[in-house]
Amino acid sequence: MKHIRHIGAVITVVTAAAVACGPAPVAPYKNPSLSIEERTQDLLSRMTLEEKVGQLLCPLGWEMYDKQAGGDSVVHSAKYETLLSERHAGMLWATFRADPWTKKTLDNGLNPSLAAQAGNALQRYAIEHTRLGIPLFLAEESAHGHMAIGATVFPAGIGQAATWNPALIRSMAAAIAREVRAQGAHIGYGPLLDLSRDPRWSRVEESFGEDPVLTAGIGSAFVEGATGGSIRESGKVLATLKHFAAYGIPEGGHNGRPSEVGVRALRAQFLPPFKAAIDAGALSVMTSYNAIDGIPCTASRFLLTGMLREEWHFKGFTVSDLGSIEGLCTDHRVAETVADAALMAAEAGLDADLGGEAYVHLIDAVRSGRLAEATVDTAVARILRLKFAMGLFEHPYVDTQQAREVVRCAEHVRIARMVAQESIVLLKNAGGCLPLDKNTGFILVVGPNADNAYNMLGDYTAPQADGAVVTVLAGIRARHPAAQVSYVRGCAIRDTLTADIDRAVAAARRAEVVIAVVGGSSARDFKTNYIETGAAVTTPGSVSDMECGEGFDRLSLDLLGRQPALLSALKATGKPLVVVYIQGRPLSMNWAAEHADALLTAWYPGQEGGHAIADVLFGDYNPAGRLPLSVPRSTAQLPVHYNRHVPRVRDYVEGAATPLYPFGYGLSYSTFGYDSLTVAPAGRGAVEVAFTVANTGRRDGDEVVQLYLRDEYASTVQPLKQLKRFARIGLKAGESRRLSFTLTPDDLAIIDQQMNRTVEPGRFTVMVGASSEDIRLEGEFLVETLDF
């Protein structure tokens, strides 16, 4: 209190002098002509310990505004005033979020214009009614679209990866960033860069699959779209990378369980996507709930300081996942109290506390001498620098009219449809069943995912207005209005009491073709229970469709409910059967692979998914999506990722050890040939791999060209093969193109026995083809010296 009274006395003197001598000088931190570092250090020097710690807090934001009577205006709430008065919070999370957990609906939530109003109201109070007037950071979920009412919903992460098209994902991320920033937020949570190698895990849908090179390529493109250029631009956000690290391989597929992985595998496989995204411009990294080798990631000095700061020279800030600091005490039990957990996280190098309840203990930690105030200063400075860099002190407000014009604009809807089209993977097409004849007169669309809007979207999605999401049924009817398109639900995803299979069979007998849309769901509802982190919780009496999404880990990958019975009954009619999977993880496709006439997966295709699926079914779009992960035959095979280490696996007594569908696999309505491989030195230790690809089919189409590498002999055990380069290229029917990829020394490097990244002499095999198992061309080259 003495310190605060002293500050008040100084202000009084300055004010008196101002009356006599003219306007008071502007504080240096408010002077935009000074450098960011000068402004940061000046502001930091003026802050009390409580104000500093406040900048590290990121409480939940959806209770910080009040929607006025009539619903056409928004003001800050009394709870927000208390938060700033008592805790000086510098960030808020999920202010505009709407879902069953937040209890924000289409009625009491915020449309884009009102969200912009709310953001402005929160900023205005922070700037005008706090001592130093520091603007807020507003952070929002945005991995496949802003999780807010009215925002464009793009395909989930696993679908984004299935495009194998970084340029398209760059455009998508830029659209998401424009929508987030137009509503007044500054930080976008996403992309998720965890390699998902256990499909039982509930968050596979958010990931980019099992491979580090594909994940790095798609993830870096996402960051470039969201953050690239200048973060001072109105359409850019700080992309937050999730979740650091190795979160996608938990024991038993249980979300948040420990990840059994060594440091060499971490460096070779799990960390490179994060390094690539940071090199692409990412300025925020979120920790994960799991522990690695007994150390929770939220308290890992090795990760947060050793890797991020000392090795990678990361200049942004780190943030906990929601409640993960408290989890050091309650889950991992490495700290007896939350105060101890906060100290442990801060000393490891964690900057910000998502949830804002743990780091309040840092005030006492500093005052008791347990924590150096310099540690707090370092974390605060990292956040303040970015507030200055984004121009928030000069331009804290947004134009509410622009929010109305930008969010879900026609261009963003067009991009959503493109991503959905490119994400669809054709897995089987017996006898050229697809594309369907456009003269088909009677079509049955059947299945629990045929006409369910929310099941198209995935987790972390806001409520949708009627008609905002195009279902498969709606897409087919819009694409083929002249046909008689009938619909029978047939059954639910999980519930076994509401099936109507007999009616589905009767309708199938009258149809010329049956399109069965099955799979899973991450659609939350108001009957679902949630824990304090927002993850959903299964309950014995629950019969909602939800079987995927955070907290919904699976014991098996089988289709649930009466879906297998529905498919079998439809097949028995003898009518052509096209099976479409809408899913967030690779569910069992064994039956469909054997019995369906055509099979495709559309993942969670987003709001334009119905149009995209219809485009593919009727041949208006030639599919070229490729699997970003391997599809197992059984959970007993797991793990089954393609780049497992040598030696080669042998078949089981009961069946094959290979996946049902391998990484990189996907069919087209065209065929493609590969020839004329050359492998030659390219100088400075690089190798150029060149070859010719030809469209040998009758349709224009895309081919996803994949280059794999195998180090034949090395000082540490290496993968059977590893993707190194890929490209999605469009070729007209009959067209051929010469392609070349350059492999750099970094592509050839391994982590040796001393944990050094190095290139060793030896023989390397180059494999080029259409999937990890469909290798069309092979060559080799020799590295002869350590100076290669």
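Visitor: Experimental or predicted, what am I looking at?

Guide: This is a predicted model.

Visitor: How many helices and strands does the protein have?

Guide: The protein has 23 helices and 29 strands.

Visitor: And what's the radius of gyration compared with a compact globule?

Guide: It comes out at 27 Å. A compact globule of 788 residues would be near 28 Å, so the two agree. If you want box dimensions, the C-alpha atoms fill roughly 90 × 70 × 50 Å along the principal axes.

Visitor: What share of the residues is buried?

Guide: Buried residues are 61% of the 788. As for contacts with a separation of 6 or more, 76% of them link residues 24 or more positions apart.

Visitor: How far apart are the mean positions of the positive and negative charges?

Guide: They're 2 Å apart, counting 75 positive and 87 negative charges.

Visitor: Let's go inside. Which residues have the most contacts in the largest nonpolar core?

Guide: Those are Trp93, Phe137, Phe244, Phe317, Tyr359 and Leu570, in a core of 176 residues. Helix α15, spanning residues 373-389, gives the most to this core, with nine residues. There's also a second, separate core of 38 residues, which includes Ala156, Leu426, Leu436 and Ala612.

Visitor: Now the backbone. Where's a cis peptide bond?

Guide: One joins Leu434 and Pro435, with omega at about 0°. Pro435 sits in the loop between β13 (425-429) and β14 (442-446). Another cis bond joins Leu638 and Pro639, also with omega of about 0°. Pro639 is in the loop that runs between α22 (609-617) and β21 (672-683).

Visitor: What about phi? Which residue has a positive value although it's not a glycine?

Guide: Ala94 is one of them, with phi of about 60°. You'll find Ala94 in the loop between β4 (91-93) and α5 (112-128). Ala246 is another non-glycine with a positive phi, about 55°, and its loop lies between β7 (238-244) and α9 (263-270).

Visitor: Is Ala94 buried or exposed, and why?

Guide: Ala94 counts as buried because its relative accessibility is 1%, and the cut-off for buried is under 20%. Ala246 has a relative accessible area of 2%, so Ala246 is buried too.

Methods:
Residues are numbered from 1 along each chain as its sequence is written. This is a predicted model: local features need pLDDT of at least 70, side-chain atom pairs count only at pLDDT 80 or more; totals for chains, interfaces and linings use all residues. Side-chain values use heavy atoms; hydrogens and water are left out. A nonpolar core is a set of buried Ala, Val, Leu, Ile, Met, Phe, Trp, Tyr and Cys residues joined through side-chain atoms within 4.5 Å. Buried means under 20% relative accessible area, exposed over 50%, partly exposed in between (1.4 Å probe, protein chains only). Helices (H or I, at least four residues) and strands (E, at least two) are DSSP runs, numbered from the N terminus. The radius of gyration is taken over C-alpha atoms; the globule rule is 2.2 Å times the number of residues to the power 0.38. Contact means heavy atoms within 4.5 Å. Lys and Arg count as positive and Asp and Glu as negative; His and the chain ends are not counted. The place of a charge is taken as NZ of Lys, CZ of Arg, CG of Asp or CD of Glu.
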